[in-house]
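Biologist: Could we go through this structure together? I would like to begin with charges and rings.

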Amino acid sequence: MMGQGSQSGQLVSLNPATGEVLGRYPVLNSQQIQTCIAKAHEQFQSYRRIPFAQRAAWMGRVAEILLERKAEFGRLITLEMGKTLASAIAEVEKSAWVCRYYAETAEGFLAEQPIPSDASRSGIRYQPLGVILAVMPWNFPFWQVFRCAAPALMAGNTLLLKHASNVPQSALSLEAIFQEAGFPQGAFQTLLIGAAQVAEVVADERVRGAALTGSEAAGSSLARLAGQHLKKTVLELGGSDPFIVLPSADLQAAVSTAVAARLISNGQSCIAAKRFILHSAIAESFASAMTERFRQLKVGDPLDPATEVGPLATPSIVQEVEEQVQALVQAGAQVRVGGSPLGGNFYPPTVLSEIPVEHPVAQQEVFGPVALLFEVPDVEAAIRLANSTPFGLGASAWTTDPAEQERLLAEIEAGSVFINGLVKSDPRLPFGGIKRSGYGRELSREGILEFVNIKTFWMQ
């Protein structure tokens, strides 16, 4: 089926804050898709031989363009998907960081590794695979693309971007940035296509792998397609991240971070904290403080510097969040603040407590500014509840007790565990999930190794 923001034969860019149509863009037909794949494959034959120093110079220029025009790109992101302007500009700055990171580190990460054996010379070489398809989401329309594209391009692959259907302007801007920076034609191309057209791209033998960030359903669909054609995939999917607070925690810092962690991208982030698991000794103090902070938040126009929470990206997301909240309320959950749509695509910061842990919504990802509060008697119960969902992306836990810290790091089932801090992605650290949150890793050395041939050589 076609994705959000798509209509028959075209992709539509809508301002979620106002409903204004920002632009309409024709979807590529099959012949145009084939032309793009051919261009990427042909460019790969020469691009793979370009020295690291030249790739790094181009990637460094991408970073410069991002920083020089961060206000312009930030405004585009805000207009197209609704996050606050300050957070959109910060996203552009972070995108420049990952470009510079891989420009500086890729050659070292992919240097030949000698390994002693029965040969006179043996070891590992890391070589690019070819054309990689990136299927990317709307909630971080620049960052998600760059954290995939920077390592893939620095490794010598070429990239085809299938961006979310509701951010076509961002998608086209990204291709223009790489071209302006000097990358050869065909090294990075945006495909304006709907979800139903992804199968054609994955099936093409010239496409050697695919990365997807998105929903469980999207990831499962891509994995099935790729499996049929024996293509390598990396999937970063949803999360229902726990945020555990134990009695020794700095409560003020925990509350402040909890508010920020829940409201990343207006609450529409896979690594936003979603389930707040509170020790009974501090549960009410934490809940009261968080509720008061949520009550004071300013909801409104994301271009207004005073706005702290903007609109959700689409009407269907508002509807799904409202259905999840109402299902919990009907099951006995208490609404401490918020809990009803504000009109348009706006949903208020909402805190729910006394939630039945066995309720299906307590196991799901709520993709909006809704905090679910749970009370537990001890650290063992906290860990058990944290691990009780099908997801395993990130987790934050707050305690100053060294023994508790080590136990939480050891026993929480997640790709990332942050102690006394906000879960975030960082180019220097691997990022990804386990269970239904996906597989493979982005960022750091592990991220660039996902789409290379780890080739053993043996010489006598």
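Modeller: A charge sits over a ring if NZ of Lys or CZ of Arg is within 6 Å of the ring centre and within 35 degrees of the ring normal. Please note that this is a predicted model.

Biologist: Which ring does Arg125 lie over?

Modeller: Arg125 lies over the face of Phe457, at 5.0 Å from the ring centre. Lys232 is placed over the face of Phe451, at 5.8 Å from the centre of that ring.

Biologist: What about rings with rings? How many aromatic pairs are there in the whole structure?

Modeller: The search finds 14 aromatic pairs. In one of them, the ring centres of Phe142 and Phe146 are 6.1 Å apart and the planes make an angle of 50°, so the pair is tilted. Phe243 and Trp398 form a stacked pair, with 5.7 Å from centre to centre and 25° between the planes.

Biologist: Where do Phe243 and Trp398 lie?

Modeller: Phe243 is in strand 11 and Trp398 is in strand 17, so their pair ties together parts that are 155 residues apart in sequence. Both Phe243 and Trp398 are buried.

Biologist: Now to strand 6. Which way do its side chains point?

Modeller: Val131, Leu133 and Val135 point one way, while Ile132 and Ala134 point the other way. In a regular strand the side chains alternate between the two faces of the sheet. All five residues of strand 6 are buried.

Biologist: And which strands run parallel to strand 6?

Modeller: Strand 7 pairs with strand 6 in the parallel sense over five bridges, and Leu133 stands opposite Leu160. Strand 9 also runs parallel to strand 6, joined by five bridges; there, Val131 has Val207 as its bridge partner.

How values were computed
Residues numbered from 1 in each chain as written. Predicted model: local features only at pLDDT ≥ 70, side-chain atom pairs only at ≥ 80, totals over all residues. Heavy atoms only, no water. Buried < 20%, exposed > 50% of the residue type's maximum accessible area, 1.4 Å probe, protein only. Helix = DSSP H or I, 4+ residues; strand = E, 2+ residues; numbered from the N terminus. Pairing = 2+ DSSP bridges. Phe/Tyr/Trp six-rings, centres within 6.5 Å; stacked < 30°, edge-to-face > 60°.
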